[in-house]
Amino acid sequence: MTPDIVIVGGGLVGCSAALHLARAGRRPLLLEVGRIGAAASGVNFGGVRVQGRALFELPLALRSRAIWDNLVDIVGTDCEYRRSGHLRLAKTPADLDAVAAYAEKVRPAGLDLEVIDGAEIRRRHPAFNATLAGATWSAGDGQANPRLAGPAFARAARAAGAEIRDNAKVVAIEPVAAGFAVATADGQRVTVPQVINSAGAWAPDLAASLGDAAPGRAIYPNMVVTEPLPPLISCSLGTYGNGVYLRQVERGNVVFGMGRGRLAAPDRAVPSAETSLAAMAEAAWLLPRLAHAHVIRTWTGIEGELADGQPVIGPSPRHQGLFHAFGLSGHGFQLAPAIGAVLAELATAGSSPTPLDGFSITRFTAG
Amino acid sequence: MTAVIIVGAGPAGMAAALTLVEAGLRPIVVDEAQRAGGQIFRRPPPGFTRPPAALYGADAAAATRLHLAFDALGDRIDYRPQTLVWAVEPDAVHLQGPQGRVRLDRGPLLLATGATDRLLPVDGWTKPGVFSLGGSQVALKAQGVAIGRRVAFCGTGPLLYLVAYQYAKAGAEVAAVLDTSAFGDGIRALPLLAADPAKLARGIYYLGWLRAHGVPVHHGVRPLTVHGESVTGLTWRDAGRRLNETRCDALALGFGLRSETQLADLAGVPFRFDPIRRQYLPDIDQDGRAPAGAVYLAGDGAAVRGAAAAETAGRLAALALAADLGRPVDTAARDALRGRMARFERFARGLDAAFPFPVDLLDTATDDTLLCRCEAVTVGTMRHAVGELGAEDVNRAKAFVRPGMGRCQGRMCGLATSELHARLRGLPPDQAGRLRGQAPVKPVPLA
């Protein structure tokens, strides 16, 4: 079967795009340099969180929430997704003012958050540090197992007719009259009218090679997990500012992240012991009962982040038929299912019902 | 200069410390145990009174000599017992011990991290009363206790006969020695085993002693099911495929040893697959030197060859390290050590031939046999991960269904998981890849 669109990058975004394109009757070919869903998509925190996102992200994020809520119908398995709710903790009164103001701001956009004060936190969560100033509670947010999500979308996409190749490194994309000539490291070459660039931390370089510049960098979020513990907390949580984010999976392990790992070799990141120790101290401050737990593993991965901290999603201003979706660190896991749907709409209908203002790559070049 | 750090105080680590002190260095020696000795030369806690001859048998003289020499080093080394190295980074080594958490600047590293039992899942192997073979020896050596009153020993490797002999000598009833290797395997390995006639003679002595004392010894055995809530017996097939049952109240299971290699992994040492030992091992030169990063490996943590080889390798690696630091080295002594290592390697290959790993047990394991006990992953779940989910390698299987993701981080179940993965795909064991190491190499307290 001759493909009519190439997707570069088999993370959750690329796999979701492949699924939605195949179901729309297209013939996508997905090329993944390593294993499907094994980079940032597979090693991230696993938070499926809408609260905290910028106002312009909310339509996309709420659309994605609807996909997460119906995952079994869409990909045939739940990827351990639980609509557990998410708490955004405020350590100080000033932080509480900030998260409460955010709750006011996003209410008209359809994101319902409950502002709770310190006394209410202590009533609902007696295990937390008693000095917290408050939090906002997002009942519709959740968490899932990132290691399962990308491969699950890929299996569903294959079943729908998508061709998915792993260990397939794209070495060049050349604009030609018929669209784009895509060359892979094994010497194969395919020409297609459309290309989706969902290559994660490697996507900015690919975009730049085609003249679309977006200043970004790779980052390595540092993650820690404890041994299985008795139930301690059922929701996912984060801290306003740059504090710890944490959840307990159903098996009982507490997973948390804060700070960065480091690059050990090109394309290989490793966790940092100093960062892990700082995150462990912060987690023990937040949940004093964790002090008696053991940490069994730390890890990191390579994620892409753009200069303004927001992703790029949408068409190339320079090449008809080229679409970008990257810079998704801190955004991608929750957004990816809907990004795939939106990319399929852009590639097939030329537009999406979901507003994408604010995601355009032109924000880095205009003016 | 940043101090040399030796990790592990078994025969390799102790010998390395002695050699480095002779070369005028003052290494830091970090060891998890309360007292230096490692596993084979493990010392009981203070106050225990079993004599060396009872603890170490034929190795008593060698063990005592090393213990005394190491103890005599005093403050010529910076010795840190009861301390875990939980992370190695490009510029630091992180410890957890009686002083709490300590960060050391990373100087040259000499890793002598030893080995643990190599396990294979057998139906019921996680029941109370089942111990690893090495664990059952530790119970006897360190605490002076047997794992049961009537103990069966099953698996393969020289330890099988040694521990059964030690148990019998200590007064336990040995219900049976059930060796998965065929009698002919041992005969065919004789030319290689002749590289160490004394050890070969000792192995034959243990076998003869057990038989002479009425202990049933069977070859070509395949263990099937461990019975009882707590162990009451083991069903097994003999070489003629007949079903047998051995009644016992404890079972020691072990299928050889595996090298502990996580710290080498964290230190950035490259690995290569050793088809004889069926494990990815640090890729080092004949003296134990890694290609980069001032890392040296010695003893069973580099490749399993036993205590005497570990002591030799510890000296050799320490000489390499000293030479790399510009210290004068006695090259004649080094060459003699290299010659001994070649003989140890020949003997080790003989042992591997005499006691082949019974990997076919994985083919006949029932779906509900536990593979990874930390995460309660069964053999059937692993078959599903490879068959239906398409897990391409062992790390993918871990990502999909969690073998190796629990407290032991695959140190216990990892090799069996790799072997099973490869067999399910009809490929040689190296094709499963190897579980990536991550800090902490063992659990550390959160606060």
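Author: A residue is termed buried if 20 or more other C-beta atoms lie within 10 Å of its own, exposed if 12 or fewer, and partly exposed in between, with C-beta atoms placed from the backbone. Helices (H or I, at least four residues) and strands (E, at least two) are DSSP runs, numbered from the N terminus. The model is predicted: local features need pLDDT of at least 70, side-chain atom pairs count only at pLDDT 80 or more, and totals for chains, interfaces and linings use all residues. Residues are numbered from 1 along each chain as its sequence is written, while chains are lettered from A and ligands numbered from 1 in the order in which they are written.

Helix 1 of chain B is mostly covered, with 10 of its 12 residues buried. Among these buried residues are P11(B), M14(B), L18(B) and L20(B). Their cover includes strand 1 (5-7), strand 2 (28-30), helix 3 (60-71), strand 7 (109-111) and helix 9 (307-324) of chain B. After the helix comes G24(B), whose phi is positive, near 90°.

The domain assignment (bounds from an automatic or database assignment) divides chain B into domain 1 (5-116 + 258-327), domain 2 (119-255) and domain 3 (361-432). The C-alpha centres of domains 1 and 3 of chain B lie 30 Å apart. Their contact (C-beta atoms, placed from the backbone, within 7 Å) takes five residues from domain 1 and four residues from domain 3.

Chain B also meets chain A: 23 residues of chain A are in contact with 21 residues of chain B. On the chain A side, helix 7 (146-159), strand 14 (221-228), helix 9 (273-286) and strand 20 (294-299) each supply at least two residues. Strand 20 of chain A pairs with strand 23 (residues 444-445) of chain B in the antiparallel sense over two bridges; pairing requires that DSSP find at least two bridges between the strands. In this arrangement H294(A) stands opposite P445(B).

Finally, A164(B) is in contact with F153(B), V174(B), V177(B), L210(B) and V215(B), leaving aside its neighbours within four places in sequence.

How values were computed:
Two residues are in contact if their C-beta atoms, placed from the backbone, lie within 7 Å.
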